[in-house]
Amino acid sequence: MDSVTVSVYRRDPATEKEGRYVDYVVPREEGMVVLDAMKYIERHIDPTLSLRWNCMAGKCGSCSAEINNKPSLMCKTRIDSLKDGKIKVSPIAAYPLIKDLATDVSQNWDLLKRIPPFTPREGLERPWRISQVDIERSKEFKKCIECFLCQDVCHVIREHKAGYFGPRHVVKAASLDMHPLDSLDRSEFMNKDAGLGYCNITKCCTEVCPEEIHITDNAIIPEKERAVNAQYDPIAIFLRSRRKGGKR
Amino acid sequence: MEIYLVEIFDYDLVIVGSGLAGLRAAIEAARTGNGKLRIAIIAKNQLMRPHSISAEGGSAAVLYTEEGDSFDLHAYDTIKGSDYLGDQDVVEFFVRQCPVDVLELEHWGIPWARREDGRIAQRPFGGHSYPRATFASDRTGFYEVHTLYDTLLKYGNVDKYHEQFVYDFIIENNRFKGVMALDIPTGQIRIFKARAGIIATGGLGRLYGYTTYSHLVTGDGLAIALRRGMRLKDIEFIQFHPTGLVPSGILITEGVRGDGGILRNAKGERFMEKYAPTKKDLAPRDIVSRSMMTEILEGRGFKGPNGLDYLLLDFSPIGAEKIKEKLSQVREIGMHYVGIDPLESPLPVRPAAHYTMGGIDVTRTGFTGITGLWAAGEAACYSVHGANRLGANSTSECIVFGKIAGGESAKWLLKDNGMITLSEGEMSSAEDFISDAYKDKGDNDPYEIKRELWSTMDKYAYVFRNEKDLTEGLKVIRGLIERSGKISISEKGNVYNQNLISTLEMKNLVELAEVVVFSALQRKESRGSHFRTDYPKRDDENFLKHTIIQRVDGAPQITYRPVTLTKWKPEPRVY
C-alpha cells in the first residue's frame, strides 16, 4: 500500500528537557488530511501521542499545529497539498507545551475577558433595524474560530512577549466595534492596554487565518487609525477634555 | 502513573457541558443568583468549542404574527412533526418562549440575517408551515455559542473549567452533591462539590459511525445517569439527517433545501415529489431520510465508498448569489472535503445520525427527580420533539430550556440553604474509579470496540429497523459490553491521556447502545424516526406513549408513560 512518512514532535515536559521528532509511516488514502495521519498514529502505532482535536470539519479550532513550519489546522491540511511529500508536524510555539502537540492556550481566555463587551446604545427602538451590509461587516470578525494560528505566527508574541494581546483579540474588538448598534469605541483600549502599537503590520496573521478574515486590513489598521484620530483630532481632544471636566 | 484526588471545589451550582444549553443555563443562573451564587461551568474540551457550533440552519421562532405565523401553527407543526409523541403542553410553552429568547440573543449582539427593512429575516425549514428559522448565514449555532459565551463573560461569579472529563455524579439518598472529573491536562482528579447541578452534556450520536456529530458527543451524561439509576425517555428515537456529506458525514444544512435546493436520484429525478407531494424536499427529516433510503435500496442511488451509497443534492435552483451569501460555509465544505463546488455540481449525500430525540427524563422545568439535579438541551428529554424533531427546533430548545433549568436551579438554591458534606468513601471512590480504569484487564483494543459498535449501529439500528436486525444488534452490543471490561490502556502517563478518555467514552457508548436498541426492539410500531419494516404502521392504540428505560440490577427495564395531549388529536401524517 502507498504510504506517507510523518515526522511528529514528541515531548513530555514533565520528564523530557528536549523534544524530538519521530518518524511514523502511515498508509496514504485518497484525500486524507494531516489529522487523519495523526489519528492513525494514535490508534495503530503509538497511543501515547497527545493532541487536541474534535470536529474534523474546520469549525471548532482545536487542532492547530505547525505543519512544515506553517501554522495550520491539521484537519484542513490535505497531505497531497504538501510539497515533496515531506510532512513535519510541530506544536504551535507561541504557547506553553502540555505534551507533544497539545499546548496551553488558556492565557487567551483572560485576555478576551478584558475587552469591553457588547454594549448596545441606550433607548433603541424595537425591533432593532440593522442593514444586512452592516451585519456582514461585523460577521467577518465574528467568524473567528479561535484557533490562535494568528497568535502563533505573530512575531511580536513569539519573539518579544511584549504585552500585545495579539491579532485574535484585535479581531474580537473589531467584531464588537463594527456592530452598528454598539455604543463603545475600543480602539483606545486596544492601543493603550492591549499593546496594539507593537504590531507593525506584517500581515502574517492574515495569511494563516483559516477563516480568511482580513485581520490586518479590516481589523488591525482601522483599530489603529481610529485611536490615532481620536488622539490627534482637535475636536476629539476638545470633547475628551470636556468629558474629563464633567467627571470632576 | 499516580492518581490523586488533588482538588475539591465547593460550588452552589455546577453545570456540566458548555454547549448552547449549558451556556444559557449558566447565564440565567448567574442573573437569577445576582452575585449570591458561586457557579462552575465545566466542559470536556475547551469551553467555546462545543458541538453546538456545528448547528447550521437556524432557530425556530414565531416573529411575524401579522404576516400569518402563529404560536398555534408552530405548535401544530412541531406536534405533527413529532408524530404525536411530543407532550403538547410542553410544546405550547416552548413555542411561546422561542421569540423571547431569540430576541434576547439579538440584544446580546448575534448577527441575525436581516430583511430589506432591517428587521430579522427568517428562512423556510423542513416541516414548518411558515418560514420561521431565524438564522446567521449557515453557522447559526456557532454565532449563538459565541454570543452566549461573550455574554457569560459579563458575570464575575461563574468559573469556567476547560478539558474536564466528568465520569460520575455524586448522589446520596436521591440528593445530588457534585461531580467527579478528570482534569485532562494533568490527569489528576477533581471533585466539584455542589448543592445543585445541571446536566447539559448533549446527545449520544457517536454511537454511529456515519454521523454529523463531532467525536466529542459520546453521551457521557446520559451514561452516568443510567448507571446512577436515573430514567431515560424515548431513547430509541434517533434522527437521521437527510443530507450528511458522503463519505465524512459532515452536515449539509437543511437550509440548502429551505432556500430551494433539490434532492435527485441517479436517474436525475426529483423523487421527493413521489413521497411528499406537498412539502416535497422540505418534508420533515424522518420522511425525507426514509424516502432517500427507499431510493437507494431500490437501486436508484449511486455506488459510494464503504457501502455509503448516495443521492445528489442539487443547488442549481438556488442561484449563485444566494449560495454565496447564505450558504457560504456549506460551499466551502463541498470544495474542501469532496472537491466539489456546489455552484457547479451537486453534492453526494446520504442520511446520517444527527440528533437524539430522547434523553434524561425531566419535568417541564428540567427537574430530573434527583433533588438538586436538572438537565437541559439534547441530554434532556422535555418531550418537545417526540419521535421526530423538526429542523431549527433544537437550538431554540437549548436556549429556551437552558434558561429554564438555569433559572429554576438558581431559585431553588436561593431558597434552600441545606449544606452537603462528602464522605470519605465518596472521595476515595473518585480515585478508585480512575485507578481501576488504568489496570490491565485484558487485551481488547478500545478503538476496535468503538469501530465494531459503529458498524453494528449503522447496520442494525439505522433508518429502517426490524426484529431480526435489532435482536442481532443487541447480541453484538452485549458482546461489546463484555469485552469493554477486558481492556488494557496502553498509555500509562497522566498528562493529556487520550487513550484513557477514549476508553471511558467507549464504555459510555456501548452501555447506551444497549438501551437504544433494547427500547427500539420493544416499540413494535413505526413512529417518526423509528421505522420498523415488520410493523410499518403507527399504532396509537398500543404505543401512543413514552418509553421510560432504567437499569435495574444491571439489566434494562422498560415502563411506559402516557403522552400529554391538549388540542391536537393524532391524525395521519401527510405532507
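Which residues does B:I360 touch, not counting residues up to four places away in sequence? In this predicted model, B:I360 touches B:I199, B:L222, B:A225, B:M230, B:L232, B:T368, B:A375, B:A379, B:A380 and B:C381, two residues being in contact if their C-beta atoms, placed from the backbone, lie within 7 Å.

Residues are numbered from 1 along each chain as its sequence is written, while chains are lettered from A and ligands numbered from 1 in the order in which they are written. Because the model is predicted, local features need pLDDT of at least 70 and side-chain atom pairs count only at pLDDT 80 or more, whereas totals for chains, interfaces and linings use all residues. The model scores ipTM 0.92 and pTM 0.95. For chain B, the average pLDDT (the predictor's confidence in each residue, from 0 to 100) is 96, and 100% of the residues score at least 70.

B:I360 also belongs to the largest nonpolar core, which holds 249 residues; such a core is a set of buried Ala, Val, Leu, Ile, Met, Phe, Trp, Tyr and Cys residues joined through C-beta atoms within 7 Å. A residue is buried if 20 or more other C-beta atoms lie within 10 Å of its own, exposed if 12 or fewer, and partly exposed in between. The members touching the most other members are B:L13, B:I15, B:A26, B:I39 and B:I360. Helix α15 (residues 498–522) of chain B gives the most to this core, with 14 residues.

Chain A has 10 helices and seven strands, where helices (H or I, at least four residues) and strands (E, at least two) are DSSP runs numbered from the N terminus. Of the 248 residues in chain A, 45% are buried. The C-alpha trace of chain A spans about 75 × 40 × 30 Å along its principal axes. Chain A is divided into domain 1 (3–103) and domain 2 (107–247), with bounds from an automatic or database domain assignment. The centres of the two domains, taken over C-alpha atoms, are separated by 32 Å. Their contact takes 12 residues from domain 1 of chain A and 12 residues from domain 2 of chain A. On the side of domain 1 that touches domain 2, strand β4 (residues 70–73) of chain A gives the most, with three residues.

Between the chains, the contact takes 39 residues from chain B and 36 residues from chain A. On the chain B side, α3 (88–107), α4 (140–152), α10 (328–338) and α15 are the elements that give two or more residues. The largest share, four residues, comes from α4(B).
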